[in-house]
Amino acid sequence: MADRTLSRSRANRPNGRRAALCASAALSLALTLTGTATASTEPAPAPPALDLATAVAYGLVHPEAAPVGADDWTCRPSRTHPRPVVLLHGSAANAYNNWSMLAPYLKSLGYCVFAPNYGGTPGNPFKATGPVPTSARQIARYVDRVLKATGARKVDLVGHSQGGGPTPRWYLRFEGGTDPAHPKRGKVRRLIALAPSNHGGNLSGVGTVTGRLGLDPAMSALVGQAWSDQMVGSEVNRRLDRDGDTQPGVSYTVVSTRYDLFATPYRNNFLTAGPGATVRNILIQDVCPQDASDHLSLAYDTNAAQLVRNALDPAHARPVRCGLTLPLLGG
């Protein structure tokens, strides 16, 4: 393997990122509705893609590809990193386009890394669109598979958007991810979430309008039940919040950005710790004031990657060096 590097540009401005995000969302919706995306259903050896645009382009055509560094089922956790890391992508994304930066980075640090596709049909590049409870059951089966293959007792989850919010939280509470009576027996030690839709979002006000007009069922019919499940006040959110935000025995870290246009308002990302759990809520601009990452680009932000690294191994946490170039392993 050859060493590769990813430089985080400081030239991007919030307005430019917002325009790019809106264009990306419009393209994704158009492709979903018209079925114009050409997708291969065969998993293929994937090339490195250390930036969001390249990852999205490849992931549209190869939606079942694993990101470089992920899904080595022969990997055995080390004493230094005893828990495998399971990466959970966001809505209308897939494992490749969501994790092509973070998967090889964590692999280069010595972690066993796994990245499932869930909540969608094979060959469709827009996954995590199905009902949150159904997706959570898929995650439960996948985590069991990882534990069996690696021999580990627990995993750490790192998720983005839906994959850091309602889906893993549903898994932890309702699908066997934790054992509240015996917290040490749970299957998950840490949940680290990037821009998670923990308490519902309104998509910069769009969700508020569709909700007031009674259009959420129609939107879900078009783009998937995950739309309604992630709106503020949904039945999924009410059930998740009914008995508190957290589960005993789990350490939670939330990384949010003030430039989020999807999981809005961004303060809805944050969690409140309940009995037997710890929570750290981080606004990335409080750590790196010049960070202009938005909802999508947060998964390709080197500052966020350092925060994930620290959350996975807090005993060896390092100060975040804003704008740092991270060494990554390409294959």
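This is a predicted model: local features need pLDDT of at least 70, side-chain atom pairs count only at pLDDT 80 or more; totals for chains, interfaces and linings use all residues.
Modeller: A residue counts as buried when its relative accessible area is under 20%.

Biologist: What should I look for in the backbone of serine 161?

Modeller: The general idea comes before the case. Most residues other than glycine have a negative phi, and most peptide bonds are trans. Serine 161 is not a glycine, yet its phi is positive, at about 60°.

Biologist: Which alanine also has a positive phi, and where is it placed?

Modeller: Alanine 128, with a positive phi of about 55°. Its place is in the loop between β3 and α5 (132-150). Alanine 128 has a relative accessible area of 0%, so it is buried.

Biologist: Which glycine takes a positive phi just after α6?

Modeller: Glycine 176, with a phi of about 90°.

Biologist: Where is there a cis peptide bond?

Modeller: The bond from threonine 264 to proline 265 is cis, with omega near -10°. Proline 265 lies in the loop between β6 (251-256) and β7 (278-283).

Biologist: How many residues of α6 are buried?

Modeller: In α6, 8 of the 9 residues are buried, so the helix is largely enclosed by the rest of the structure. The buried residues are Pro166, Thr167, Pro168, Arg169, Trp170, Tyr171, Leu172 and Arg173.

Biologist: What do the buried residues of α6 pack against?

Modeller: Their partners are β2, α5, β4, β5 (188-194), α10 (235-241) and β6.

Biologist: In what sense does β2 pair with β3 and β4?

Modeller: With strand β3 (residues 113-114), β2 pairs in the parallel sense over 2 bridges. The pairing of β2 with strand β4 (residues 155-160) is also parallel, over 4 bridges. To locate the strands by residue, note that valine 86 stands opposite phenylalanine 114 in β3, while the bridge partner of valine 85 in β4 is aspartate 156.

Biologist: How do I read empty space in a model?

Modeller: Rolling a probe the size of a water molecule over the atoms shows where empty space is left. In this structure, the second largest pocket holds about 290 Å³ of space. Of the 18 residues that line the second largest pocket, Glu64, Pro116, Asn117, Tyr118 and Tyr142 are the closest to its centre.

Biologist: How does the lining of the second largest pocket divide into nonpolar, polar and charged residues?

Modeller: The lining has 9 nonpolar, 5 polar and 4 charged residues.

Biologist: Now the chain as a whole. How many helices and strands does it have?

Modeller: The protein chain has 12 helices and 8 strands. Of its 331 residues, 53% are buried. The chain exposes about 14200 Å², with carbon and sulfur atoms supplying 55% of that area. Among contacts with a separation of 6 or more, 77% are between residues 24 or more positions apart.

Notes: Residues are numbered from 1 along each chain as its sequence is written. Side-chain values use heavy atoms; hydrogens and water are left out. On a 1 Å grid over the protein atoms alone, a cavity is a set of points where a 1.4 Å probe fits but cannot get out, and a pocket is an open set with protein on both sides within 12 Å along at least five of seven lines; lining residues have an atom within 4 Å of a point. Grid points are joined across faces, edges and corners, and a volume is the space filled by probe spheres set on the points. Ala, Val, Leu, Ile, Met, Phe, Trp, Tyr, Cys and Pro count as nonpolar, Asp, Glu, Lys and Arg as charged, and the others, Gly among them, as polar. Buried means under 20% relative accessible area, exposed over 50%, partly exposed in between (1.4 Å probe, protein chains only). Contact means heavy atoms within 4.5 Å. Accessible areas come from the Shrake-Rupley method with a 1.4 Å probe; for residues, only the protein chains shown count as cover. Two strands pair if DSSP finds at least two bridges between them.
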